[in-house]
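I opened this one up with a notebook beside me and wrote down what I looked up, in the order I looked. The sequence and structure come first.

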Amino acid sequence: LKISIHKVDIPVAYGPAFEGERIRKDDMQIEIGGPGVPAFEFVCTKEADEVEDGKIQVIGPDLDDMPQGPGVSIGIVAEVTGRKMQPDFEPIFERQMHRFLGEAQGIFHMGQRDIIRHRISKDAFKAGLRLKHIGKIIHAKFHGEFGAIIDKVQVTLYTKKEDVEGKLKEVRAAFAERDARLGDMTDDSVNLFYSCTLCQSFAPSHVCIVTPERSGLCGSVSWLDGKAGYEINPTGPNQPIEKRKVIDDRLGQWDGTNEFLYSSSNRALEKVSLYSIMTDPMTSCGCFECISAMLPMANGIMVVDRDFTEMTPSGMKFSTMAGTVGGGLQTPGFMGHSKFYLGSKKFISADGGLARVVWMPKALKEELSEQLEKASKEMDLENFLDKIADETVAQTEEEVVEYMQKINHPALSMDPMF
Ligand code: SF4
Ligand code: ZN
């Protein structure tokens, strides 16, 4: 393993000790992103002559000219070039920004892609930390850790809301293209899955097992990303997992996946079903895009994403549920997962699949309408999107059940969930 010797030249302390350091509301200078606030971070590959190494630009106001508090829109773009660089590596570098930025004292990094929520502390601001230092960290760490692949790095921070909104279209198209690269690959078509254990830094027993039909729960690590991650760093957090002998086809358990979970969860966990929320579900760290939760009366599940901050039919808000499922535990009946996984044929297929979904926020339904439409057609579920209740028709579990009866939701006639 190559040891990083690149010094990070910033006015605050820097090192692994600061990763995961919380910054309370009262102590924060600004919060970037969060529900309803356009913000993103994005790595893209450029031609050699398009990148000026070490160039850091802040386009728009810096911290001195921003009001204190939440609601700040920033788009962070890191453009890289290198003879060994491949676009397949972009998501890996992007995901590592979590650690790179989180290791600065006074920067709290949360999320990825276009659902970030970062904080910068008042103390760091007073010590002289400004937005250009975010660029400096990315530049230094990308060279330090990916020097074998990257030759040049430049970073641009867009801090005007209209610029961020404008750029978001491009960036989201790039994310969609990445997700589409997987094409028609299936779990059955491969012998290897990949692990991701990046989140063990704060959830020590958490292991994401990433397959063609199930991405990591943060939504930013697909099977191809796992493969690329292993190529970049063969001793890193993405390891190949040979499936080996099937233990249970329906649940999605193999000798190889169970053994991997056992050894890499520090023997905390023995079995994991890749396709069930009820039996040995996958662990959840804290970065899940969505949480699914069983609604016993409805004989189905509700799905909620991070942007929906109201009460849900489970009687809990997203934040409370996140506390229940997170931390690297298996919690039958609850599970964190990516948006991508919702549109997968393997989505809780052992428990009845997509047909179990009885409620989700309206905005999430709209965002995922294309992939849900496609998946429900493949499963012969007619007009299924209309059958999923949302907050405009049902806010409590009782109201969900009433709605299900009115529109004859398929989960009503399915086997009991437990
Ligand atoms: Fe990796 Fe899973 Fe963490 Fe995403 S949530 S970074 S896939 S361990
Ligand atoms: Zn995580």
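This is a predicted model: local features need pLDDT of at least 70, side-chain atom pairs count only at pLDDT 80 or more; totals for chains, interfaces and linings use all residues.

**Entry 1**

Ile92, Arg95 and Ile115 supply 33% of the area that domain 1 buries against domain 2, more than any other three residues. Buried area here is the accessible area (1.4 Å probe) that two parts lose on being put together, summed over both.

**Entry 2: around the ligand**

Arg95 turned up again when I listed the residues around ligand 1, where near means a heavy atom within 4 Å. The list also has Cys196, Leu198, Cys199, His206, Cys208, Gly216, Leu217, Cys218, Val221 and Cys285. By class, I noted eight nonpolar, two polar and one charged. For the classes, Ala, Val, Leu, Ile, Met, Phe, Trp, Tyr, Cys and Pro count as nonpolar, Asp, Glu, Lys and Arg as charged, and the others, Gly among them, as polar.

Next I went to the strands; helices (H or I, at least four residues) and strands (E, at least two) are DSSP runs, numbered from the N terminus. Is strand E5 (residues 75-81) mostly covered or mostly open? Mostly covered: seven of its seven residues are buried. Buried means under 20% relative accessible area, exposed over 50%, and partly exposed in between (1.4 Å probe, protein chains only). Gly75, Val77, Glu79 and Thr81 point one way from E5, and Ile76, Ala78 and Val80 point the other.

Strand E2 (residues 40-45) is largely enclosed by the rest of the structure, because five of its six residues are buried. E2 pairs with E5 in the parallel sense over six bridges; two strands pair if DSSP finds at least two bridges between them. Reading across, I found Phe42 opposite Val77 and Val43 opposite Ala78. E5 also runs antiparallel to strand E9 (residues 152-158), joined by seven bridges, and there Val77 stands opposite Thr156.

**Entry 3: helix H6 and its surroundings**

Which residues of helix H6 (255-264) are buried? I wrote down Gly256, Thr257, Asn258, Phe260, Leu261 and Ser264. They pack against strands E10 (192-196), E11 (208-210), E12, E13 and E14 (253-254). After H6 comes Asn266, whose phi is positive, near 55°.

Ile247 lies in strand E13 and counts as partly exposed at 45% relative accessibility. Leaving out residues up to four places away in sequence, Ile247 touches Gln253, Trp254, Asp255 and Asn258. Its C-alpha is 9.3 Å from that of Asn258, eleven residues apart along the chain.

**Entry 4: loops**

Arg244 sits in the loop between strand E12 (240-242) and strand E13 (246-248). Its phi is near 60°, a positive value in a residue other than glycine, and Arg244 is partly exposed at 45%. Asp280, in the loop between H6 and strand E15 (290-295), has a positive phi too, near 45°.

Glu289 is found in that loop between H6 and E15 as well. Is Glu289 buried or exposed? At 10% relative accessibility, Glu289 counts as buried. Its contacts beyond four places in sequence include Gln112, Ile115, Leu217, Cys218 and His337.

**Entry 5: one last residue**

Arg24 lies in the segment before strand E1 (28-33) and counts as exposed at 54%. Arg24 and Ile407 are 383 residues apart in sequence and 45 Å apart in space, C-alpha to C-alpha.

Notes: Residues are numbered from 1 along each chain as its sequence is written. Chains are lettered from A and ligands numbered from 1 in the order in which they are written. Side-chain values use heavy atoms; hydrogens and water are left out. Contact means heavy atoms within 4.5 Å.
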